Amino acid sequence: GGGSMALPPRTRARPSNGRADSDGGERKPRSVKFACTMEKSAPHRVLAARGWREVDDDSWDVMWADTAWVHDNVTYNVTTQPQRLRENQRVNHFPNHVELTRKDLLAKNVKRAKRQAEKDGTDPSEFDFIPKTYALPGEGQMLLRDFREKGGTWIMKPIGRAQGTGIFLVNKAKQIEDWLKKRGTEVAENKLSDDYVCQRYVDNPYLVDDRKFDMRIYVLCLSYQPLKVYLYREGFARFANTAYSTAKSDLKNQYIHLTNHAIQKRDVDYDPEVDDLKMPIRDLYAHILSKHGQEAADRCFAGIHSVIINALRSVQQVMINDRHCYELYGYDVMIDENLRPWLIEVNASPSMSSDSQTDADLKAALLDDTFTALDAEEMFEGRTPPRVGGFDLVCDDGELARTAEWGGLPTLLGADNSDRLEALERLR
């Protein structure tokens, strides 16, 4: 990604702490070694700024790698044992994170979790947070049946691509038939072709200033079995640069329908000085609050909070829970005009590049708090702190977590994080 990212001065309290150890001296944080497969990246800068030591061999304690490295080095299949990671080594992806982060697998897992809830007599509607989804080409005929019955606008997305590439909207059966036919031809000719999902398009999005947006929310999963999750207070809404329209003639206009920043930045009308296209979630909450009142705003945000945790619950049984793994997810959530949240997708490698100082500061703090939460320095002494900088513990030992700090709020997503440094001091 582009964008330089200045580290904000003093991103965190230094972990010097005054507890005495057995010989009366001060207990020192463990010295930590790190490795990073992405040089000159934000994670690399943040790791180095912590005073951790970079190593080139496998003596690292904390690794920040691209997913390809994890697939190659933390392997899980019947014939080879996983690379034996040492007790204290931590790596930033689960080996089969795709169960959550690939659009077709996420849909499959959520459907399965819903069926399981029906069997168990628990509430299946907890898993109604994904627009109806078909995996193509496999479920093409089912999709066509559904489409001929109900019509509507659907969105086609390649399962393995990011930043909005290959996405288009359809509103006629013929468009789907043509796509399936073309795909069949490509396969017959051994051409490389993407598998897709086709998803009911949320065509009644909640708008701010007539523009569509989605939200980027950061979630740190430290364990799936039992589930242990932190949710970052700060995130942002990403806006389309053009007023929203459902006019048939506008179906092909990506600047109206897709909020991916990578696409919006290409709009000829986009001026980064004037249009930031990003709004802090805190401000979005304030906007909803002022227009719809406390109860509606809190119900909306409580819904988002539930979606985040239920998505993780839906993949809990299939995720290989290697205790060496942690993962920082970028959730994409939309809300419709009824203030109902929809999960669009979960990203295993959310973008850490930035296009403004605010953005850079947020991501530096987010990464820094992620590395603190891993406790590679062994300062937590087995405790799980309810707050680590901007992270609030939302699930611990499989149970929902909340503290007095929440007051009457259903979530701390969008809560004030200006006391982040003081919160980090309190960890010592």
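This dialogue goes through some features of a predicted model.

Reader: What does the secondary structure of the protein chain come to?

Author: The model is predicted, and its protein chain has 11 helices and 17 strands.

Reader: How much of the chain is buried?

Author: A residue counts as buried when its relative accessible area is under 20%. Of the 428 residues in the protein chain, 52% are buried. The accessible surface comes to about 20000 Å², and carbon and sulfur atoms hold 49% of that surface.

Reader: What share of the contacts in the protein chain with a separation of 6 or more is between residues 24 or more positions apart?

Author: Such pairs account for 71% of those contacts.

Reader: In what order do the strands of the open sheet stand?

Author: The sheet has 4 strands in the order β2-β1-β3-β4, with parallel pairing. At its edges are β2 (53-54) and β4 (90-91), each of which pairs on one side only. Helix α1, residues 42-49, packs on this sheet and touches β1 (33-36), β2 and β3. The direction of α1 makes about 170° with that of β1.

Reader: How many bridges pair β3 with β4?

Author: Strand β3, residues 62-64, pairs with β4 over 2 bridges in the parallel sense. Met63 has Val91 in β4 as its bridge partner.

Reader: How should I read a helix such as α4?

Author: Start with the general idea: an α-helix has 3.6 residues a turn, so residues three or four places apart point the same way. Helix α4 covers residues 103-120, which is 18 residues. From first C-alpha to last, α4 reaches 26 Å, close to the 26 Å expected at 1.5 Å a residue. Just after α4, Gly121 takes a positive phi of about 75°.

Reader: Which residues of α4 are buried, and what covers them?

Author: The buried residues in α4 are Lys103, Asp104, Leu105, Leu106, Ala107, Asn109, Val110, Ala113 and Ala117. Their cover includes α3 (98-101) and α9 (281-315), along with strands β5 (133-136), β6 (154-158), β8 (196-200) and β14 (341-347).

Reader: Which way do the residues of β6 point?

Author: Trp154, Met156 and Pro158 point one way from β6, while Ile155 and Lys157 point the other way. Strand β6 is mostly covered, with 5 of its 5 residues buried.

Reader: Which strands pair with β6, and in what sense?

Author: One of them is β7, residues 168-170, which runs antiparallel to β6 and is joined to it by 3 bridges. There, Met156 has Phe168 as its bridge partner. Another is β8, which pairs with β6 over 5 bridges, also in the antiparallel sense. Ile155 stands opposite Gln199 in β8.

Definitions and conventions. Residues numbered from 1 in each chain as written. Predicted model: local features only at pLDDT ≥ 70, side-chain atom pairs only at ≥ 80, totals over all residues. Heavy atoms only, no water. Pairing = 2+ DSSP bridges. Contact = heavy atoms within 4.5 Å. Axes fitted to C-alpha atoms, helices over the stretch in contact; angles between N-to-C directions. Buried < 20%, exposed > 50% of the residue type's maximum accessible area, 1.4 Å probe, protein only. Areas by Shrake-Rupley, 256 points an atom, 1.4 Å probe, with all protein chains shown as cover. Expected span 1.5 Å × (residues − 1).
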